[in-house]
Amino acid sequence: MKFLIVFVALFAVALAAPAEEVQILRSESKVGPESFEYAVETSDGTTKEEQGQLKNPGTEQEAISVHGSFRYVADDGQTYQVNYIADENGFQPEGAHLPVAPQA
(Lines give C-alpha, C1' and ligand atoms only; values in the text may rest on other atoms or scores of the structure.)
Protein backbone atom coordinates (compact mmCIF):
# COMPACT_ATOMS: atom_id res chain seq x y z
CA MET A 1 0.00 0.00 0.00
CA LYS A 2 2.87 2.39 0.82
CA PHE A 3 4.31 1.74 -2.65
CA LEU A 4 1.05 2.79 -4.27
CA ILE A 5 0.87 6.00 -2.21
CA VAL A 6 4.49 6.88 -3.07
CA PHE A 7 3.92 6.09 -6.75
CA VAL A 8 0.78 8.26 -6.91
CA ALA A 9 2.57 11.10 -5.11
CA LEU A 10 5.54 10.96 -7.52
CA PHE A 11 3.18 10.81 -10.49
CA ALA A 12 1.35 13.91 -9.23
CA VAL A 13 4.65 15.78 -8.79
CA ALA A 14 5.71 14.84 -12.31
CA LEU A 15 2.45 16.14 -13.75
CA ALA A 16 2.71 19.35 -11.76
CA ALA A 17 6.27 20.06 -12.97
CA PRO A 18 6.33 23.22 -15.07
CA ALA A 19 6.64 22.70 -18.80
CA GLU A 20 9.71 24.02 -20.55
CA GLU A 21 9.17 27.63 -21.52
CA VAL A 22 9.08 28.10 -25.29
CA GLN A 23 11.23 30.91 -26.67
CA ILE A 24 10.60 32.86 -29.88
CA LEU A 25 13.67 32.45 -32.09
CA ARG A 26 12.46 34.46 -35.07
CA SER A 27 9.53 36.78 -35.66
CA GLU A 28 9.18 38.80 -38.84
CA SER A 29 6.21 40.65 -40.27
CA LYS A 30 5.37 43.11 -42.98
CA VAL A 31 1.86 44.52 -43.28
CA GLY A 32 0.64 46.74 -46.07
CA PRO A 33 -2.77 48.04 -47.13
CA GLU A 34 -3.32 45.19 -49.62
CA SER A 35 -0.91 42.48 -48.46
CA PHE A 36 0.82 40.96 -45.46
CA GLU A 37 3.43 38.37 -44.62
CA TYR A 38 4.84 36.99 -41.42
CA ALA A 39 7.04 34.22 -40.10
CA VAL A 40 7.52 32.86 -36.58
CA GLU A 41 9.87 30.17 -35.29
CA THR A 42 9.97 28.92 -31.70
CA SER A 43 12.43 26.85 -29.67
CA ASP A 44 10.09 23.83 -29.56
CA GLY A 45 10.45 23.31 -33.34
CA THR A 46 7.25 25.09 -34.34
CA THR A 47 7.31 27.34 -37.40
CA LYS A 48 4.61 29.27 -39.23
CA GLU A 49 4.85 31.35 -42.39
CA GLU A 50 1.99 33.06 -44.17
CA GLN A 51 1.45 35.55 -46.98
CA GLY A 52 -1.80 37.19 -47.96
CA GLN A 53 -2.89 39.48 -50.74
CA LEU A 54 -6.09 41.35 -51.47
CA LYS A 55 -7.53 40.32 -54.83
CA ASN A 56 -9.81 42.57 -56.89
CA PRO A 57 -9.73 45.49 -54.42
CA GLY A 58 -12.70 47.80 -54.53
CA THR A 59 -14.88 45.44 -56.56
CA GLU A 60 -17.74 43.06 -55.78
CA GLN A 61 -15.23 40.20 -56.13
CA GLU A 62 -12.84 41.60 -53.52
CA ALA A 63 -11.31 38.73 -51.55
CA ILE A 64 -8.16 37.88 -49.67
CA SER A 65 -5.95 35.04 -50.85
CA VAL A 66 -3.64 33.48 -48.28
CA HIS A 67 -1.00 30.79 -48.58
CA GLY A 68 1.30 29.50 -45.93
CA SER A 69 2.58 26.60 -43.92
CA PHE A 70 3.12 25.49 -40.36
CA ARG A 71 5.29 22.77 -38.84
CA TYR A 72 5.32 21.33 -35.34
CA VAL A 73 6.66 18.41 -33.33
CA ALA A 74 3.77 16.33 -31.98
CA ASP A 75 3.58 14.34 -28.76
CA ASP A 76 4.61 11.23 -30.70
CA GLY A 77 7.95 12.88 -31.57
CA GLN A 78 7.11 13.19 -35.28
CA THR A 79 7.40 16.49 -37.13
CA TYR A 80 4.27 17.36 -39.08
CA GLN A 81 3.99 20.02 -41.77
CA VAL A 82 0.88 21.47 -43.37
CA ASN A 83 0.94 23.70 -46.45
CA TYR A 84 -2.28 25.52 -47.24
CA ILE A 85 -4.15 27.96 -49.42
CA ALA A 86 -7.18 29.88 -48.18
CA ASP A 87 -9.07 31.89 -50.76
CA GLU A 88 -12.49 32.19 -52.38
CA ASN A 89 -12.44 28.38 -52.73
CA GLY A 90 -12.06 27.81 -48.98
CA PHE A 91 -9.26 26.38 -46.82
CA GLN A 92 -7.19 23.82 -48.72
CA PRO A 93 -4.58 22.07 -46.55
CA GLU A 94 -1.99 19.56 -47.77
CA GLY A 95 0.29 17.39 -45.67
CA ALA A 96 1.83 13.92 -45.86
CA HIS A 97 -0.16 12.90 -42.76
CA LEU A 98 -3.52 14.24 -43.99
CA PRO A 99 -6.02 12.07 -45.82
CA VAL A 100 -6.68 12.83 -49.48
CA ALA A 101 -10.19 12.75 -50.93
CA PRO A 102 -10.71 10.33 -53.81
CA GLN A 103 -10.89 11.81 -57.29
CA ALA A 104 -14.46 12.38 -58.49
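# Contacts, sheet, rings and salt bridges

Student: Which residues does Thr47 touch, not counting those up to four places away in sequence?

Tutor: A contact means heavy atoms within 4.5 Å. With residues up to four places away in sequence left out, Thr47 touches Val40, Glu41, Ser69, Phe70 and Arg71.

Student: What kind of model is this?

Tutor: Residues are numbered from 1 along each chain as its sequence is written, and side-chain values use heavy atoms, without hydrogens and water. Local features need pLDDT of at least 70, side-chain atom pairs count only at pLDDT 80 or more, and totals for chains, interfaces and linings use all residues; this is a predicted model.

Student: Is Thr47 buried or exposed?

Tutor: Thr47 is in strand β3, residues 47-55. Helices (H or I, at least four residues) and strands (E, at least two) are DSSP runs, numbered from the N terminus. Buried means under 20% relative accessible area, exposed over 50% and partly exposed in between, with a 1.4 Å probe and protein chains only. The relative accessible area of Thr47 is 12%, so the residue is buried.

Student: What is the order of the strands in the open sheet?

Tutor: Two strands pair if DSSP finds at least two bridges between them. The open sheet has 6 strands with antiparallel pairing, in the order β1-β2-β3-β4-β5-β6.

Student: Which are the edge strands of this sheet?

Tutor: An edge strand here pairs on one side only. That applies to β1 (24-31) and β6 (90-94).

Student: Why is the pair of Phe70 and Tyr72 classed as it is?

Tutor: The structure holds 5 aromatic pairs. The rings of Phe70 and Tyr72 have centres 6.3 Å apart and planes at 20°. Rings of Phe, Tyr and Trp (its six-membered ring) pair if their centres lie within 6.5 Å; planes under 30 degrees apart count as stacked, over 60 as edge-to-face and the rest as tilted. The pair is therefore stacked.

Student: Which residues form one aromatic cluster?

Tutor: Phe70 is partly exposed at 27% relative accessible area, and Tyr72 is partly exposed at 30%. Both belong to one cluster, formed by Phe70, Tyr72, Tyr80, Tyr84 and Phe91.

Student: How far apart are the closest N and O atoms of Arg26 and Glu41?

Tutor: A salt bridge is a side-chain nitrogen of Lys or Arg within 4 Å of a carboxyl oxygen of Asp or Glu. By this rule the count is 5. Arg26 and Glu41 form one, with the closest N and O atoms apart by 3.6 Å.

Student: Which residues are linked with Arg26 in a network of salt bridges?

Tutor: Arg26 is partly exposed at 25% relative accessibility, and Glu41 is partly exposed at 29%. The network links Arg26 with Glu28, Glu41 and Glu49.

Student: Which parts of the structure does the pair of Glu88 and Lys55 tie together?

Tutor: The side chains of Glu88 and Lys55 meet in a salt bridge of 3.1 Å, N to O. The two are 33 residues apart in sequence, so the pair ties together the loop between β5 and β6, where Glu88 lies, and, with Lys55, strand β3.
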